[in-house]
Each structure stands twice: as structure tokens, then as C-alpha cells.
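Look at the sequence and the three-dimensional structure below. The paragraphs that follow go through them step by step, from pairs of strands to the chain as a whole and then to single side chains.

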Amino acid sequence: MPGTVSCIDGNTFIVSDASGDVESSPGTPVGLFAADTRFLSRWVLTVNGERLDALSVDDSQYYEVTFFVVPGGAVDYVEADVSAIRRRRIGPDLVETLTIFNYGQGVVDLDVRLEVEADFADIFEIKFDIQDKAGSYYTDVEANELRVGYRRGTYRREVVVSTSEAASIDARGLRFAIRLRPGEQWDTRLQVVMRALRPDDVDLRAPLRAQRPSESTLPDSVREWVAQAPTLDTESATLQQVYHRSLVDLAALRFAPLSLSGAAVPAAGLPWFMTLFGRDSLLTCLQTLPVTPSLAPPTLRILASLQGARTDDVLEEDPGRILHELRYGESAAFEEQPHSPYYGTVDASPLFVVLLDEYERWSGDTALVMELEQEARAALTWIDAYADLTSTGYVWYRRRNRATGLDNQCWKDSWDSISYADGRLPGFPRATCEVQGYAYDAKLRGARLARAFWGDPAYAERLEREAAALYERFNRDFWLEDRGYYALALDHDGTPVDSLSSNIGHLLWSGIVAPDRAARVVEHLMGPALFSGWGVRTFAAGQSRYNPLGYHNGTVWPFDNSFIAWGLRRYGFLSEAGRIAEGILSAATYFQGRLPEAFGGFDRSTTRYPVRYPTAGSPQAWSSGAPMLLLRTLLGLEPHQDHLAVNPALPSTFDRIALLDIPGRWGRVDAYARHRPDRN
């Protein structure tokens with residue numbers, strides 16, 4: 001969010017202004033958060049009644065921020081006698097060290113106050129600007145400690161603020177009376193402990209603290225994470241910057257869900273999606289396999305442990321269905337939102353099988369394939385037994401939770417993301433094109449797993465027959481011969497939804513596109529209606545609902561483009577894949593190397609810089625994963641049973657790329673590629 005400063009450790013994070021203050025307002029995700037709850041809604045420092053202004057901010061490490069501040073009443077900062085440093089570090093809880101200096105010639109008496117409020121707002125209450133709370137608050141004041149809590153039935157959240165120095169504490173915050181002689185400084189250590197309490201007073205967040213017993217373990221964890229990743233060697237300073245930023249952001253987004261402590265899985269993104277998502281987590285793991293394969297096993301395991309086991313229309317759960325979203329806040333606890341967990345997605349189940357197979361190809365981890373056999377089989381069964389709502393052999397969706405469920409249950413899940421070219425919205429159920437590709441891919445990969453590891457060749461043959469039938473059916477029903485591309489979706493009656501969208505690029509990486517049609521699909525992907533110069537738009541210009549700042553109707557999503565580029569390479573369109581990689585990586589330089597969730601779909605020749613999407617999440621897991629998949633695509637890295645294949649030709653926008661010490665079943669190997677005009 002522009003103008004704010006973030007400090008992140010998994011799904012624990014604080015968002016403040018440039019001086020370090022937190023002052024929340026309706027609908028704005030500012031504050032200290034954990035487990036989908038805002039534990040601090042006000043954290044404001046004053047000196048002698050004056051707010052502080054920032055001279056500089058050091059946020060080069062995602063888990064700590066240093067603010068250099070002076071009282072806002074100072075007319076000339078150069079002559080400010082009193083200044084302060086706020087050193088903030090996030091972990092399972094928050095620690096902030098406050099240091100105040102007197103560089104004047106005389107003694108100063110300072111009234112230092114820290115205003116503290118906790119509204120315990122659920123993340124959905126903030127997002128939808130719901131301000132009424134059904135529970136009650138309580139406050140306890142003890143020596144050097146302020147405790148604020150919220151209770152609603154058996155649901156209870158609590159925050160405890162403590163200080164290392166003597167303070168006067170009341171329900172409004174902490175107050176320090178300080179006298180400093182010339183050249184003296186004063187320090188205090190503030191600790192903010194966040195608790196998610198069960199009825200028996202057991203803190204559900206206690207295991208997170210046990211995993212990180214001291215503040216020093218977090219930097220050690222980051223250094224180890226970066227050290228284990230391959231080294232990138234290239235002449236491209238842009239690529240170096242983006243690679244390192246993405247690697248660190250992926251480290252920042254790792255978290256241990258309360259339901260499976262000890263497992264580090266990627267949270268989807270700041271600020272709204274700092275939790276486990278089926279689709280987002282699976283695709284992030286798929287993007288990052290060559291770089292950070294350790295994300296995949298815990299992600300697969302936790303999704304398997306929460307796999308649907310019954311039929312529930314509120315949660316939209318089915319046996320075998322992989323969840324969409326898991327939340328821990330008040331609205332989920334009282335079923336005001338269905339995310340406990342919510343299963344309303346049709347792509348996570350096939351993608352679960354896709355990732356399991358692809359992970360084994362990279363790692364050789366046959367034990368995990370054997371461990372998750374039943375869950376993978378159940379996900380494959382769900383495709384035909386529960387998702388084929390019209391008995392036509394496709395994966396369809398129609399929400400069963402009419403109150404709070406998602407209308408669109410594909411990756412473009414905003415309400416108007418699936419439309420005809422003339423703007424009409426199709427009926428329900430709907431079957432989007434890319435999900436059919438995922439299902440096709442999942443069946444083929446499931447067949448490989450069944451034949452190679454599960455000892456079930458009959459099941460493998462059945463899956464292969466089903467995949468072949470889906471391929472033929474899809475290329476008959478979704479192809480628009482007069483347009484030269486695949487329909488975005490099928491309407492409830494089988495009518496093709498004729499919009500031109502980025503979804504057709506996903507068909508390439510899943511392999512369901514007929515080879516003789518690939519060139520026409522690519523022509524549309526790289527044509528002016530879809531390709532902005534920075535990347536492929538989600539929705540083609542010229543259609544009724546096109547808007548370059550429409551969330552799914554014209555913006556450019558880095559994650560989307562990374563999979564499109566991967567598909568282009570699969571079908572042999574190396575130059576086109578390189579153009580997408582160059583556009584996305586160049587755009588990243590305008591965001592300090594950190595690719596946001598999405599940016600505007602304005603043409604590159606019009607704006608000359610990518611236009612920021614106003615509410616884009618950043619960092620976002622699958623945006624951080626996008627450069628990793630683009631690197632894989634540029635290098636042509638593909639796993640085989642006994643070796644790692646590398647295509648040594650690069651598109652002309654890149655001179656040389658080397659990814660050194662790649663982890664996998666082959667040991668740790670290197671991959672080099674150099675531009676060779678004669679091979680493009």
C-alpha cells in the first residue's frame with residue numbers, strides 16, 4: 001500500500017505509516033495482525049504532545065524496520081535537539097525498541113506517550129468496513145504491563161504490551177517521564193504479545209513462539225533460506241534484483257498454520273490474504289520448484305490433511321475436494337464467513353495432483369507420493385464424481401452457499417470476471433477453459449503416479465482414456481474456429497462464452513491445446529488486444545467489460561504471465577516466452593524489484609511505466625514466484641528421470657543466465673544458457 005511501511009513474518013505483520021505509527025481507519029488494513037485478527041489498531045508515539053515525523057526509514061529486511069524520527073513541531077530538522085529511533089522487529093510477536101536522544105546544550109524534560117488501542121477486528125470486517133462487534137472488551141493494568149482483550153462466547157483474543165522501563169500505564173497506553181542531560185539517551189524495550197485463547201486459556205499461538213525461541217533465530221532462518229537457493233549469475237542487473245527480492249519475499253511469507261504447527265507454507269499475500277489458500281499455495285510451489293522445493297511437501301501435506309471428507313453446502317465441501325481458503329478470525333469462528341475452511345474452488349483439486357507429480361519429478365521423493373496416494377486418488381475422483389454438474393465430462397462450478405459463497409470459483413474469482421465479449425454474464429453452472437486443462441493434466445500425471453508408484457496399471461489406463469476423451473471433447477466444444485482461440489468458458493447450456501482472455505495461455509502449459517491450433521492461440525496472446533508490452537492482460541482490449549484497471553478485466557498479473565510463458569515454451573514459442581519474461585521483469589524495476597499482485601493493463605507505449613493497481617497485494621506469493629518460473633522457462637529446465645534438460649538458447653532480450661547449484665533428484669546441478677541468434 002502506498003505510503004505505508006510493512007514488517008512481516010508469515011501471517012504475522014504490522015503495517016504503519018512512515019513514522020512507525022499505527023492509526024487505523026475504516027476499511028484500511030493498517031495495524032498489527034496475526035491469525036486474521038488486528039491486535040493493535042492504534043500505536044501512536046508522541047513526545048511532549050507532538051507526533052513524530054520520519055527523516056528516514058530502513059526496511060531493507062522484511063522482518064525488521066528502523067524509523068529515524070523527530071518531533072513534528074521542529075521547524076528546522078537540522079537544528080532538532082531531540083530525535084528518536086524506533087527499531088521494530090516482527091516474529092511470533094512484536095518487539096520495538098525506542099531510543100530517544102538529546103543533542104541539545106541543556107537538560108530536557110520529556111513526556112513520552114504511547115497510545116495503545118486494540119479493536120480485534122477480523123480481516124473481513126476491515127475489508128468490508130463492518131464496524132459493529134458482537135463481543136465485549138476488557139482491560140487489565142499491571143506493573144509495566146497493559147492487557148487488552150476481547151471475548152465473544154468461547155472466542156477470545158488478547159494482546160499484552162509490556163515495557164522494560166518504569167512507566168505510568170492506564171487503559172489508554174503507556175507514559176514515560178524522562179529527563180535527559182546534554183548528550184544522553186534513553187531506551188526502552190516494548191514487547192507486544194498476541195494470544196489466541198481457547199476456553200481453557202491455552203494459547204493457540206504458543207507453539208509458534210516455541211519454534212522461534214529468540215529474536216535472533218529469524219535472521220538465521222532467512223540466511224539459511226537464501227543460502228539453500230541456487231545462485232543466479234547474469235549480466236542483467238534487473239534480473240538479479242528481482243530474483244533476490246522475490247527470494248526474500250518468499251521467506252517472509254512462510255508461516256505455520258495453527259492447525260499444523262511446524263510446517264512452513266506460503267501465505268498468499270499482504271494484506272488481505274495472509275493465510276493458506278489451496279490454489280495460490282499450490283501454484284506458488286509449482287513456480288518455485290527449481291529454487292525452493294522445500295515449500296512443496298508441507299503444502300501438500302497440510303492440504304491433504306484438510307481435504308474434504310463430507311458434503312457441506314455452507315463450506316461447499318465434498319469428499320476429495322481441496323480447500324480454497326482457511327481462516328482463524330472471528331467471522332470464521334461464528335460462520336459469518338465460511339472459511340473454516342472454505343472449499344469453493346474448482347482448480348485446487350486437480351492442481352494438487354499436478355504439484356505432487358511435478359514435485360516427484362524434481363525431487364525423486366517417492367515416499368511423499370506413496371504417503372499421499374489416497375488423497376491424490378480422492379482429488380482425481382472429485383473431478384468426475386462431484387465437479388461434473390451437467391454430466392458432460394467437464395469441471396463446472398455453481399455456488400451452494402448462497403449467502404457468502406463465491407460466485408466464480410476459478411482463479412479469476414471476482415463477480416464480473418467471466419463474461420461474454422459483449423458484457424453479458426453467463427448463467428450457472430459455468431465451466432472455465434483453464435480448469436479443463438488442469439483436469440486433463442492431472443489425469444495424465446495421476447496415470448504416471450499410478451503406473452510408476454502405486455502399482456495400479458489398470459487405474460493408469462483408465463485415467464489416460466479419460467484424459468484422451470477430455471482432450472477431444474474440449475477441442476471440439478471450446479474452440480471458436482471463426483475467432484481462432486478457445487472460449488473463456490461454457491455457459492450452463494453449453495454455449496461458448498466468447499471472450500478473449502489470458503486463460504487461453506494456461507491451456508498451453510497444461511498441454512490440452514491441439515498442436516495445429518497453438519500458433520493461432522499464440523498470435524492472440526501476443527497481439528495488441530492482450531499483450532500490453534509489459535505482459536498479457538487478463539482480458540482483451542475492445543471487449544465490453546475491458547478496463548485496464550479492472551481487477552480481472554484488463555490488468556496484468558505477473559503470476560498469470562509466468563504460466564503463460566511456461567506454456568509458450570512447451571509449444572516451442574521461445575521468442576514469445578522471452579518477450580513476456582522481459583516485460584514482466586522490466587515492470588518489476590518500477591516496483592523496487594517486488595512484483596505486485598497486479599498492475600494496470602495500459603499499453604507500454606502509452607504510459608512508459610507500469611501503472612500501479614490501487615489495492616494490489618504486495619508482497620504476493622505467486623507474484624514472488626513468477627520470476628522463478630520465468631527463469632525456469634528462459635533456461636528450458638525440464639526434469640527427466642535421470643537428468644535435468646536445459647535448452648541453451650535464450651531470447652535476444654537476455655545475454656546470459658546461469659542458475660547454479662539447483663537442488664533436485666540429480667544432486668545439485670548448474671544450468672547455463674546464452675543467447676544464440678542462430679537458434680531462435
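Which residue in β30 does Ile657 stand opposite? The residue is Ala673 in β30. Before going further, note that this is a predicted model. The strands in question are β29 (residues 656-664) and β30 (residues 667-675). Seven bridges join them, and they run antiparallel. A hairpin of two residues leads from β29 to β30.

Now step back to the chain as a whole. It has 18 helices and 30 strands. Its radius of gyration is 26 Å, close to the 26 Å that the globule rule gives for 680 residues, so the chain is as compact as a globular protein of that length. The C-alpha trace spans about 85 × 60 × 50 Å along its principal axes. Of the 680 residues, 61% count as buried. The chain exposes about 24,500 Å², and carbon and sulfur atoms supply 48% of that area. Among contacts between residues at least 6 apart in sequence, 64% join residues at least 24 apart.

Strand β6 (residues 42-47) and strand β11 (residues 108-117) run antiparallel and are joined by six bridges. Trp43 stands opposite Val116 in β11. β11 also pairs with strand β16 (residues 173-180), in the antiparallel sense and over eight bridges. In that pairing, the bridge partner of Val108 is Leu180 in β16.

An open sheet of three strands has the order β21-β24-β25, with antiparallel pairing. The edges are taken by β21 (431-432) and β25 (496-497), each with a single partner strand, so one side of each has no neighbour in the sheet. β21 is joined by two bridges to strand β24 (residues 489-490), and Ala431 stands opposite Leu490 in β24.

The next topic is aromatic rings. A pair of such rings is described by the distance of the centres and the angle of the planes. How many aromatic pairs are there? The count comes to 33 aromatic pairs. In one of them, the rings of Phe13 and Phe33 have centres 4.9 Å apart and planes at 10°; planes under 30 degrees apart count as stacked, so this pair is stacked. Phe13 lies in strand β2 (residues 12-16) and Phe33 in strand β4 (residues 31-34), so the pair ties together parts that are 20 residues apart in sequence. Are these two residues buried or exposed? The cut-off for buried is under 20% relative accessible area. Phe13 has 2% relative accessibility, so Phe13 is buried; Phe33 has 1%, so Phe33 is buried as well.

Another stacked pair is formed by Phe474 and Tyr486, because their ring centres are 5.2 Å apart and their planes stand at 20°. Phe474 is in helix α12 (residues 457-477) and Tyr486 in strand β23 (residues 485-486), twelve residues apart. Both residues are buried. Elsewhere, one aromatic cluster includes Trp411, Tyr438, Trp509, Tyr551 and Trp622 among its members.

Rings also meet charged groups. Arg254 lies over the face of Trp225, at 4.4 Å from the ring centre. The charged end of Arg604 sits over the ring of Trp534, 4.1 Å from its centre.

Finally, consider Arg157, which is found in strand β14 (residues 155-163). Its relative accessibility is 6%, so Arg157 counts as buried. What is Arg157 in contact with, leaving aside its neighbours within four places in sequence? The contacts include Thr37, Phe39, Phe120, Tyr138, Arg195 and Tyr328. The C-alpha atoms of Arg157 and Gly329 are separated by 9.6 Å, with the two residues 172 apart along the chain.

Note on methods. Residues numbered from 1 in each chain as written. Predicted model: local features only at pLDDT ≥ 70, side-chain atom pairs only at ≥ 80, totals over all residues. Heavy atoms only, no water. Phe/Tyr/Trp six-rings, centres within 6.5 Å; stacked < 30°, edge-to-face > 60°. Helix = DSSP H or I, 4+ residues; strand = E, 2+ residues; numbered from the N terminus. Buried < 20%, exposed > 50% of the residue type's maximum accessible area, 1.4 Å probe, protein only. Lys NZ or Arg CZ within 6 Å of the ring centre and 35° of its normal. Rg over C-alpha atoms; globule rule 2.2 N^0.38 Å. Contact = heavy atoms within 4.5 Å. Areas by Shrake-Rupley, 256 points an atom, 1.4 Å probe, with all protein chains shown as cover. Pairing = 2+ DSSP bridges.
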